Amino acid sequence: MRVCLASTSPARLILLRQVGIEPSTRAPRVDEEAVIAAVEAEEDRILSPEEHVLLLARRKAADVAATLADEGFEGIVVGGDSMFELDGEILGKPYTPESARARWQSMRGRTGILHSGHSVFLVRPGAVPVEAHAVAAASVSFAADVTDAEIDAYVATGEPLLVAGAFTVDSLGGAFVERVEGDPSTVVGMSLSTLRRLVQELGVEWTSLWNRVDDTSS
């Protein structure tokens with residue numbers, strides 16, 4: 001069973017590789033800000049974090065699934081989107097060092113929620129793609145004693161600038177996170193337990209996706 005990741009996220013790619021899946025990757029053609037703005041304007045309301053991440057995950061996966069269906073692809077297409085919520089405020093990617101620094105000075109000693117949307121399409125030649133989707137969430141608590149010097153050093157690495165919430169748990173930022181409640185992989189970018197359940201809902205055995213060869217042995 002082939003797998004295509006509808007994302008260029010290195011973290012999501014690494015997650016799949018760690019559980020035995022070597023996917024192809026395809027960048028979705030989705031203008032995220034335009035999609036959210038259009039839906040909120042049509043419905044005359046602000047989307048909740050759960051609705052936000054699920055909408056984008058589904059649009060990304062649907063775009064790639066439609067393209068691959070035209071190419072005769074047979075397999076699974078996985079799309080995802082994440083955002084961090086702190087006291088009701090949505091914190092996306094900070095992009096600039098100044099924003100990342102202010103974000104960390106505000107987050108230390110506090111707990112927020114990482115929302116992760118998942119969309120999985122089963123694509124088969126001659127058939128309409130079918131989808132399963134879900135949102136997973138995990139709470140993240142940051143150390144209260146993170147110093148300004150540590151924040152400056154972390155921001156200087158560039159790591160927090162392009163990740164939701166301005167932090168990672170699987171790289172340099174992990175030392176500043178005291179506790180994660182929920183599926184830890186949710187915070188990395190995709191809940192593996194949720195993904196497995198969605199794949200099963202589509203009638204596909206999770207283990208049939210294992211295709212990664214261990215090249216460490218001699």
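Arginine 108 is partly exposed, with a relative accessible area of 25%. Its salt-bridge partner is aspartate 148, with the closest N and O atoms 2.9 Å apart. Arginine 108 sits in the loop between helix H4 (97-107) and strand E5 (111-123) and aspartate 148 in helix H5 (residues 148-156), so the pair ties together parts that are 40 residues apart in sequence. Keep in mind that this is a predicted model.

- Aspartate 63 and arginine 29 pair up through their side chains, at 3.1 Å from N to O.
- Aspartate 63 counts as buried, at 17% relative accessibility, while arginine 29 counts as exposed, at 61%.
- Glutamate 131 and arginine 58 also form a salt bridge, at 2.8 Å from N to O. Here strand E6 (residues 130-142) supplies glutamate 131 and helix H3 supplies arginine 58, 73 residues apart.
- Glutamate 131 is partly exposed at 24% relative accessibility, and arginine 58 is partly exposed at 33%.

**Helix H1**
- Arg12, Leu13, Leu15 and Leu16 are buried in helix H1 (residues 10-18). Looking down the axis of H1, the buried residues fall within an arc of 160°, so they line one face of the helix.
- Over on the other side of H1, Pro10 and Gln18 are exposed.
- The buried residues of H1 are covered by parts including strand E3 (75-86) and helix H7 (192-201).
- After H1 comes glycine 20, with a positive phi near 90°.

Technical notes
Residues are numbered from 1 along each chain as its sequence is written. This is a predicted model: local features need pLDDT of at least 70, side-chain atom pairs count only at pLDDT 80 or more; totals for chains, interfaces and linings use all residues. Side-chain values use heavy atoms; hydrogens and water are left out. Buried means under 20% relative accessible area, exposed over 50%, partly exposed in between (1.4 Å probe, protein chains only). Helices (H or I, at least four residues) and strands (E, at least two) are DSSP runs, numbered from the N terminus. The arc is that of the directions from the helix axis to the C-beta atoms. Contact means heavy atoms within 4.5 Å. A salt bridge is a side-chain nitrogen of Lys or Arg within 4 Å of a carboxyl oxygen of Asp or Glu.
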